[in-house]
Amino acid sequence: MRKWKKDYGIIYDMMNTSGFAWNDEKKCIEVDSDEAWETYINKDAEGWRGKSYPIFDLLAYIFGKDRATSKGAQGPTEMAEVVDKEEKIGL
């Protein structure tokens with residue numbers, strides 16, 4: 001479980017970096033340019049460029065709400081609205 005959480009975190013962080021995107025058909029991270037990759041690369045991300053990771057969607061469902069970021073911060077009202085919507089669609 002720790003390895004999956006680490007893998008998810010690596011991919012998630014790359015997806016939220018300028019020049020990086022998730023290719024949903026190939027199930028891998030794509031990079032706009034070699035320069036963007038070289039600027040970003042670190043020991044954890046090495047080897048992830050173009051590497052297929054078919055279980056990412058499942059991991060996003062499991063760990064998605066477990067990542068703390070400043071993006072998309074919600075107050076209690078917005079959070080209650082999300083819960084209401086999820087209950088309506090049966091999640």
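Here are a few notes on charged residues in this predicted model.

1. Some ground rules. Local features need pLDDT of at least 70 and side-chain atom pairs count only at pLDDT 80 or more, while totals for chains, interfaces and linings use all residues. Residues are numbered from 1 along each chain as its sequence is written, and side-chain values use heavy atoms, with hydrogens and water left out.

2. Start with Lys27, which sits in the loop between strand 1 (20-23) and strand 2 (28-31); helices (H or I, at least four residues) and strands (E, at least two) are DSSP runs, numbered from the N terminus. Its phi is near 55°, a positive value in a residue other than glycine. Most residues other than glycine have a negative phi.

3. Lys27 also has salt bridges (a side-chain nitrogen of Lys or Arg within 4 Å of a carboxyl oxygen of Asp or Glu). With Asp24, the closest N and O atoms are 2.9 Å apart; with Asp57, they are 2.7 Å apart. Asp57 belongs to helix 3, so its pairing with Lys27 ties together parts that are 30 residues apart in sequence.

4. The structure holds six salt bridges. Another of them joins Lys6 and Asp44 (3.7 Å, N to O). Lys6 is in helix 1 (residues 2-15) and Asp44 in the loop between helix 2 (34-40) and helix 3 (56-63), so this pair links parts 38 residues apart in sequence.

5. How accessible are Lys6 and Asp44? Lys6 is partly exposed at 48% relative accessibility, and Asp44 is partly exposed at 33%. Buried means under 20% relative accessible area, exposed over 50%, and partly exposed in between (1.4 Å probe, protein chains only).
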